[in-house]
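Hello,

Here is the structure I promised to pass on. Please have it open while you read the notes below it.

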Amino acid sequence: MRLPVILVACLGLILTSAGVCRADQIKAYLAGFVATGAQNKDELQAVLQSMLLSRLNGERVAVVPTAEEADISVTGSYVAFGKSFSLDVVAKSRTGGVVTSAFVQGEKEEELIPALGKLAQDLTAGIVKGYRPQPVAAPARRSAAGGIEMINASGLEKSPAQPWISQRIPLVMTAIAEGSALGDGGQELFIAGDHVLQLYRQGKQLQLLAETTLPRELKILTIDSADLDSDGAPELYVTLWNGSALVSQVYVTADDKLKLLADKLPYFFRAIALKGGKKKIFTQEMNSDNDFYGDVCELVKTGAAYRTRNPMKLPRYGNLFNFNTFTDAQGRDHFLILNGDGYLVVYSGDREELWRSNDKFGGSENSFQRPDDSKVRITGETTRSIFLEQRIVVTSDGTIMVPHHSGSLVIGNSRSYSKSSLYGFAWNGASLEQKWRTSESQNYLADYSYDEGQNELLLLEVVKKEGLLGKGASAVSVRKVE
């Protein structure tokens, strides 16, 4: 598409003149466009933004040059299919709620300018109808790291200043999952290390109820829980590695004990709430050539038997441990992948890359080794390490939670992280916007889960690394998300 260059030159003039508005006008900020399937994407995005800006700025809506001045923010996308195109925009309030959305389509390039005029009319009408002024809120409390401090005390201790924190667990633990809620207000927790599986009762402190120690040749990679048979008690799904194959297990609790329900299942397990829906267990297999083989499938439990269904093909570099899905304001599904280099990548439902982060996220010390002689002449090692990434959580309102680790030390197949935090993002139609982040912890975050009903984060942190002088230590904390 050949672009009207004069419109690009006018962009700065339009932005400069857009800041004067009356008190009764709704102030809008145009955050930008994402163009897909077209040539000269960067130039086209600037042109589309300037054209929509000039048409939106009017009697009822005033376009302002910065997000801080705005009542709403507007983002858009342009998708080309041959000569046809589609324009989509969404307007959101300061709190992230969708005020309105609009779209137009065209069959040829010559229809672009009139289509933008109609899009601006529809968007203006939707903003005027859907916008409700937000009440003036008290200033947000800020953390020392500069982000919004959104973690307050858990109701477990009724303390206004501190979250609930367990006693030290005298081992480096790698995974955590929630069991049944107990009648006395307590909660079952499953916690695992490389070779040990423990059942706790969470009350004022953690009370160890049962423990299973596995042979040294077996390594626990992950644990996850879900109530697949809908009997009111979640099962525990343990991904287990014997050095050459997956031999995973399923447990249930009975009389405060761990009861083995199934053994030697050839699956990786992961509990995922796709698009913020019901948490289910998904699986993936491996073969002699691929660490993650085939499609991701949903696990189904029928009596004591298991089978898989609903295979899902992930985008390139996606696997069971580094993905989730979310739905945008127009109801379209997207994939989110935390790739091998640590960057967040958003894909459309047909697996086209839409956006990639500039910063790295995730970071995991959890790994297992497979035989590999391909680099023995270079590294002297006969194995390679496969790292299992941190969870990506998507809530029902579209919030995307991703861990972030720093203070890393990487030597060969060894990784060590010393600081962690959690970030909350939202998709604005064009990119992921940061909504909040927790203050930075001075510990490695081994695993976590989120209880949306209680608005609580359950965190498993390594508070002391294993070394020559000790086996290390871990702790569990519960923090309220507000």
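Predicted model: local features only at pLDDT ≥ 70, side-chain atom pairs only at ≥ 80, totals over all residues.

**Cores.** The largest nonpolar core has 34 residues. Ile72, Tyr78 and Leu87 have the most contacts inside it. Strands E1 (26–36), E2 (61–63), E3 (72–81), E4 (84–93) and E5 (98–106) each give two or more residues to this core, as do helices H2 (41–56) and H3. Another core lies apart from it, with 21 residues, among them Met312, Leu320, Phe323 and Leu388.

Take Leu87. Beyond its neighbours within four places in sequence, Leu87 is in contact with residues including Phe33, Leu48, Phe103, Leu112, Leu116 and Leu119.

**Helix H3.** H3 runs over residues 112–130, 19 residues in total. From first C-alpha to last, H3 reaches 26 Å, close to the expected 27 Å. Its buried residues include Leu112, Leu116, Leu119, Leu123 and Ile127.

**Aromatic rings.** The whole structure holds 14 aromatic pairs. One of them is Phe361 with Tyr423, edge-to-face, at 5.3 Å between centres and 80 degrees between planes. Phe361 sits in the loop between strands E23 (353–360) and E24 (367–371), and Tyr423 in strand E30 (419–427), so the pair ties together parts 62 residues apart in sequence. Both residues are buried. Tyr423 also pairs with Phe425: the centres are 6.0 Å apart and the planes at 15 degrees, so this pair is stacked. Phe425 is buried too.

Elsewhere, Trp241, Phe268, Phe292, Phe321 and Phe368 form one aromatic cluster. The charged end of Arg415 sits over the ring of Phe387, 3.7 Å from its centre.

**Salt bridges.** The search finds 18. Arg391 and Asp224 meet at 2.7 Å, N to O. Arg391 is in the loop between strands E25 (383–387) and E26 (393–394), and Asp224 is in strand E12 (219–226), so this bridge ties together parts 167 residues apart in sequence. Arg391 counts as buried at 10% relative accessibility, and Asp224 counts as buried at 1%. Asp224, Arg270, Arg391 and Asp447 are linked in a network of salt bridges.

Glu365 and Lys465 form another bridge, with the closest N and O atoms 2.8 Å apart. Glu365 lies in the loop between E23 and E24, and Lys465 in the loop between strands E33 (456–464) and E34 (473–481), so parts 100 residues apart in sequence are tied together. Here Glu365 is partly exposed at 23% relative accessibility, and Lys465 is partly exposed at 32%.

Best wishes

Notes: Residues numbered from 1 in each chain as written. Heavy atoms only, no water. Phe/Tyr/Trp six-rings, centres within 6.5 Å; stacked < 30°, edge-to-face > 60°. Helix = DSSP H or I, 4+ residues; strand = E, 2+ residues; numbered from the N terminus. Buried < 20%, exposed > 50% of the residue type's maximum accessible area, 1.4 Å probe, protein only. Lys NZ or Arg CZ within 6 Å of the ring centre and 35° of its normal. Expected span 1.5 Å × (residues − 1). Core = buried A, V, L, I, M, F, W, Y, C linked by side-chain atoms within 4.5 Å. Contact = heavy atoms within 4.5 Å. Salt bridge = Lys/Arg side-chain N within 4 Å of Asp/Glu carboxyl O.
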